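Please look through the sequence and the model shown below before reading on.

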Amino acid sequence: MFRFLPLTCLLLFFFGCFEYEETILFRKQSSGTVEISYTVPLKKDSKDSLIKFLPTSKEEIITSVKKKSNNNLQVRDFTFRELEKSETTDMYFKRKGKVSYKLDFEDPIHLEGVLIGTFSIKSKPRSLVVKRDFLNLTDSTTIDAGAGEKKIISETSRLLREGRIQFKVLFPKDSECSSNRGFIGLGNLTYQIPLQETLENPDFKTWEYKIRFF
C-alpha cells in the first residue's frame, strides 16, 4: 500500500507540513486494531487527495487494503473533512483534507504490505517481534533523477522543518516491551521520525520492537 513512492508523490509528501499518525493496539498476541490519520493536500476542483497512496475516500482505502491478498482487514470508523482556511497556513496548498480510519485484524501478519514503509512480524510463543524499515528517501529518489529533479529534491529537503511521522503501539499493561528506538511507557511505545532525518540520516532506517505477553 505504501511501499513504493513516485518522485511526484514524494515531493507532495514533504511540502505543506505533512502529518501522519499511526497507532497499533495489540489486544492480545493474535488480534488488535490499527488507527491511522493523516492530513493531505486536495486537488483544486475536488476532494481527492493529491497524494495517490494516501486517498481521501473510503472506497479507495478499502480497494488499496484489499490489494494485499489473503487478509481479512476490516476498515471502519472512516471520517473525512476538509480543513477550514483558518486551520492551515500552507503557502503551497490552500486546500487540505484530514482522514482517519481503523483497521481490525485477527492476525498481525495481515498488516504486512499495508502500513507505511515496510512492516514484518514474527510470532513466537507468547511474544511478537515487529520490524519496520524506512528507506532513506533521498537515496531512493536520486538514483534515476535528472539534474533538475535532484535540485528540486535538494530544495525540498532544505525546506523541511517540523514535519514528522508519529507511531504509537499499545499493548496489555502486564506485558513486557523492548525497542531499539522510541519511548517505552506502561502499556505503550511511541516513536517519531523527523522527516529531515528520514531524508538524510541512514541510521533511521530500521525500527524493531518486541512484546512479550503474560
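The paragraphs below go from the whole chain to its sheet and then to its aromatic residues.

This is a predicted model. The chain has 214 residues, of which 43% are buried, and it contains 5 helices and 11 strands. Of the contacts between residues at least 6 apart in sequence, 65% join residues at least 24 apart.

Seven strands form an open sheet with mixed pairing, in the order 3-4-2-1-7-10-9. Strand 3 (74-82) and strand 9 (183-185) are at the edges; each has a single partner strand, so one side of each has no neighbour in the sheet. From one strand to the next, the twist averages 10°. Within this order, strand 1 (residues 19-28) and strand 2 (residues 31-41) run antiparallel and are joined by 9 bridges. Glu19, for example, has Thr39 in strand 2 as its bridge partner. Helix 2 (residues 58-66) packs on the sheet, where it touches strand 2, strand 3 and strand 4 (96-105). The direction of helix 2 makes about 140° with that of strand 3.

The aromatic residues come next. The structure holds 7 aromatic pairs. In one of them, the ring centres of Phe167 and Trp207 are 5.6 Å apart and the planes are at 45°, so the pair counts as tilted, the class that lies between stacked (under 30 degrees) and edge-to-face (over 60). Phe167 belongs to strand 7 (residues 164-170) and Trp207 to strand 11 (residues 206-212), so the pair links parts of the chain 40 residues apart. Both Phe167 and Trp207 are buried.

Conventions. Residues are numbered from 1 along each chain as its sequence is written. This is a predicted model: local features need pLDDT of at least 70, side-chain atom pairs count only at pLDDT 80 or more; totals for chains, interfaces and linings use all residues. Side-chain values use heavy atoms; hydrogens and water are left out. Helices (H or I, at least four residues) and strands (E, at least two) are DSSP runs, numbered from the N terminus. Buried means under 20% relative accessible area, exposed over 50%, partly exposed in between (1.4 Å probe, protein chains only). Contact means heavy atoms within 4.5 Å. Rings of Phe, Tyr and Trp (its six-membered ring) pair if their centres lie within 6.5 Å; planes under 30 degrees apart count as stacked, over 60 as edge-to-face and the rest as tilted. Two strands pair if DSSP finds at least two bridges between them. Axes are lines fitted to C-alpha atoms, for helices over the stretch in contact, and angles run from 0 to 180 degrees between N-to-C directions.
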